Structures are given as structure tokens and as C-alpha cells.
Amino acid sequence: MNMRKQIEKVHFQITRNCNLRCAFCGQWGKKGFFSDASGEEISLCDWKRVISELEACREKTKISPQITVWGGEPLVSPYFDTILQILKNKNFETEVITNGVLMDKHEDVIKNCVDTLYISLDGTKEIHDEIRGRGVFDTVCKNIKSLKHDNIIVMSVITPKLIDVLPKFLEELESLNIKALYLQDMIGLSGEEINEYERWMKETFNITAKDIKAWKNDSLFRVQDIQTGDFSYKIEHKKHISTKEIHCKFPFNHVHIAWNGNVLYCTDFYDFSAGNIKDDTLQNIFFNKISEKYREEIVKNNCITCKHCSWRNS
């Protein structure tokens with residue numbers, strides 16, 4: 001493999017906990033893998049140590065990793081404000097992914113410390129509240145308007161109900177002063193694909209895959225072309241890429257530190273881990289043998305879940 005290996009982006013999953021229970025969510029949905037997950041979340045001291053390590057790495061490589069803070073729902077973490085303030089003080093570019101419900105409780109930190117804010121809205125009020133809970137849509141919209149952040153990206157999971165009301169939804173978003181809308185294909189694997197993934201994990205890494213079952217869905221809704229019109233914000237359809245000619249580049253430049261300290265190369269599929277930051281440094285894990293083996297497998301397109309990703313070429 002000739003691709004350069006360098007940490008350029010890091011996901012901080014500062015909590016697995018969430019204040020919502022969205023039906024299609026792989027984390028906390030009806031079959032979500034966090035609902036019966038065991039173990040403790042890593043401490044604020046652990047996150048501070050990772051940030052210091054990234055700071056030292058930046059000094060050596062002159063490359064400053066972009067940090068994405070998420071969960072679960074990151075704003076329920078008692079460490080949210082502190083972690084964002086530390087990242088700001090150390091001049092890291094930061095993103096936050098949130099459901100938007102609790103933004104009013106952290107308005108100053110978000111305004112002053114967050115470069116890009118990703119917020120979930122899955123349709124008009126009726127659709128969004130059906131998925132995420134009564135009153136959530138109005139709360140999120142109120143928080144967006146009050147916040148007045150200049151770099152907000154709305155993310156929406158594509159469902160048949162959303163497509164039915166898409167023109168109305170796009171018009172409603174005009175009032176929120178957002179930068180972009182990402183329309184994302186819903187994640188879902190067939191039973192056959194799950195079996196293939198389980199076999200691959202066992203034969204290649206001797207891992208018994210359990211979390212993958214949360215993504216089982218044999219009847220996914222897909223649209224190829226979305227008619228959007230002309231709006232003040234950018235609209236992008238984040239399609240899943242099924243071609244094997246393009247492999248995921250994330251294992252070469254992106255790491256995901258999960259709530260329990262495990263280091264992954266994917267933010268959605270949790271069975272694989274290259275190590276844990278409580279046991280080793282992030283740099284050592286990034287360059288260890290199991291990480292190298294994982295990269296080899298991804299380049300060969302041996303991971304079936306890669307075809308169910310909206311971010312493979314992002």
C-alpha cells in the first residue's frame with residue numbers, strides 16, 4: 001500500500017448516552033447495540049491525554065487533525081463544555097454532531113468553540129417528531145435561530161415520508177440560515193450481508209461480531225435522483241457507494257475513539273477495534289499490526305459494510 005498514513009481527522013465519541021430514542025438509530029434504536037453494551041465511558045483525564053498526544057503529533061508532523069465531537073448525544077456528556085474549550089484553546093478545528101435539543105444549555109461554548117455544527121432534522125415537524133419525539137422539531141428550530149451560528153449543516157436520513165414532503169421541508173429550512181443540507185441514505189444490511197461480515201470478522205481478526213446485527217434491514221428505501229430546486233444553502237445527496245473500484249480512505253487518515261476508549265476506523269460499525277487508548281497511545285495503535293491488516297482488507301474491498309456508507313469518499 002502506497003497511501004500515506006497520517007492522522008488528519010479524529011472522532012471523539014465523548015459519550016454513548018443519548019436523550020432521544022430514534023427508531024432507525026443503530027445505537028439506541030429498537031435493535032441498537034448500545035442498549036445492552038457494558039463497560040465504562042473513558043474519563044475526562046483520558047480525553048485530555050489524547051488531546052495532548054494529538055498536540056504533540058501536530059508539532060512533529062505540522063498537520064493539525066480536525067476533531068469531530070459526537071455521541072450518543074455529546075451535549076449530555078458532563079465533559080462537553082470542558083473538552084470543547086480545551087480544543088479551542090489548543091487551536092484545533094472542531095465539529096460537533098448533535099440532535100440539537102440541548103443547544104440552548106451550551107450556547108456560549110457552541111458559539112465560541114465550534115467551527116462546524118451538524119444538526120439532525122429528518123423532515124417536517126410531523127415527520128421529525130414521529131421519529132425523534134413530540135416537540136423536538138420546534139425545540140431544535142428555536143435553538144438554531146437563537147444560536148445564530150454561521151456554519152450549520154443539517155443532516156437528514158432519507159425515508160419515503162421525507163421524499164413525499166421534501167419540497168415543503170426544503171422551503172422550511174430557508175428560515176434557519178443553514179450552510180448546507182446532507183440527505184443521507186439509511187444504513188441497513190441484509191441477513192446475507194450480516195452473515196458475510198460475521199464470517200469476515202471471525203476469519204480475519206478472530207472477532208465474534210455482535211453489534212452488526214443492529215443494522216439488519218432487508219427492505220431499504222433508496223432514491224437515485226432527488227429534485228431539489230434553487231435554495232440559499234447547498235444540498236448534497238450522500239449516497240451509499242456500492243462500487244468496488246473505490247475503497248474507504250478513512251483507515252489511512254481518520255480514527256474514531258469510541259466512548260469506552262476503543263479505536264475504530266468506522267463511526268457506524270463497532271465490532272472491530274485496533275486497540276484501546278487506556279492501554280496504549282493513539283499513535284501506536286494507529287500504526288500497529290492489526291491496523292495494517294485492517295487497511296489491507298479495506299483496500300481489497302473485503303468489508304461488506306463499506307457499500308453502506310455515505311462518507312466513503314468524503
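Visitor: How many salt bridges are there by the rule used here?

Guide: The count comes to 18 salt bridges, where a salt bridge is a side-chain nitrogen of Lys or Arg within 4 Å of a carboxyl oxygen of Asp or Glu. This is a predicted model, in which local features need pLDDT of at least 70 and side-chain atom pairs count only at pLDDT 80 or more, while totals for chains, interfaces and linings use all residues. Residues are numbered from 1 along each chain as its sequence is written, and side-chain values use heavy atoms, with hydrogens and water left out.

Visitor: Which residue forms a salt bridge with Lys 125?

Guide: Asp 138 does, and the closest N and O atoms are 2.9 Å apart. The pair links distant parts of the chain, with Lys 125 in helix α4 (residues 125-132) and Asp 138 in helix α5 (residues 136-147), 13 residues apart. Helices here are DSSP runs of H or I with at least four residues, numbered from the N terminus.

Visitor: And is Lys 125 buried, partly exposed or exposed?

Guide: Lys 125 counts as partly exposed at 37% relative accessibility, and Asp 138 also counts as partly exposed, at 40%. Buried means under 20% relative accessible area, exposed over 50%, and partly exposed in between (1.4 Å probe, protein chains only).

Visitor: What about Lys 62 and Glu 59? How far apart are the closest N and O atoms?

Guide: In that salt bridge they are 3.8 Å apart. Lys 62 is exposed at 64% relative accessibility, and Glu 59 is exposed at 57%.

Visitor: Changing topic: at what angle do α8 and α11 pack?

Guide: Helix α8 (residues 191-205) and helix α11 (residues 289-299) pack at about 135°, with their axes 12 Å apart. Axes are lines fitted to C-alpha atoms, for helices over the stretch in contact, and angles run from 0 to 180 degrees between N-to-C directions. That angle makes α8 oblique to α11; angles under 35 degrees count as roughly parallel, over 145 as roughly antiparallel, 65 to 115 as roughly perpendicular and the rest as oblique.

Visitor: Which residues meet there?

Guide: From α8, Trp 200, Thr 204 and Phe 205 meet Ile 290, Lys 293, Tyr 294 and Glu 297 of α11, contact meaning heavy atoms within 4.5 Å.

Visitor: What do the side chains of Glu 297 and Lys 293 form?

Guide: They meet in a salt bridge, at 3.7 Å from N to O. The two residues are four apart in helix α11, and so separated by about one helical turn. Glu 297 is buried at 6% relative accessibility, whereas Lys 293 is partly exposed at 32%.
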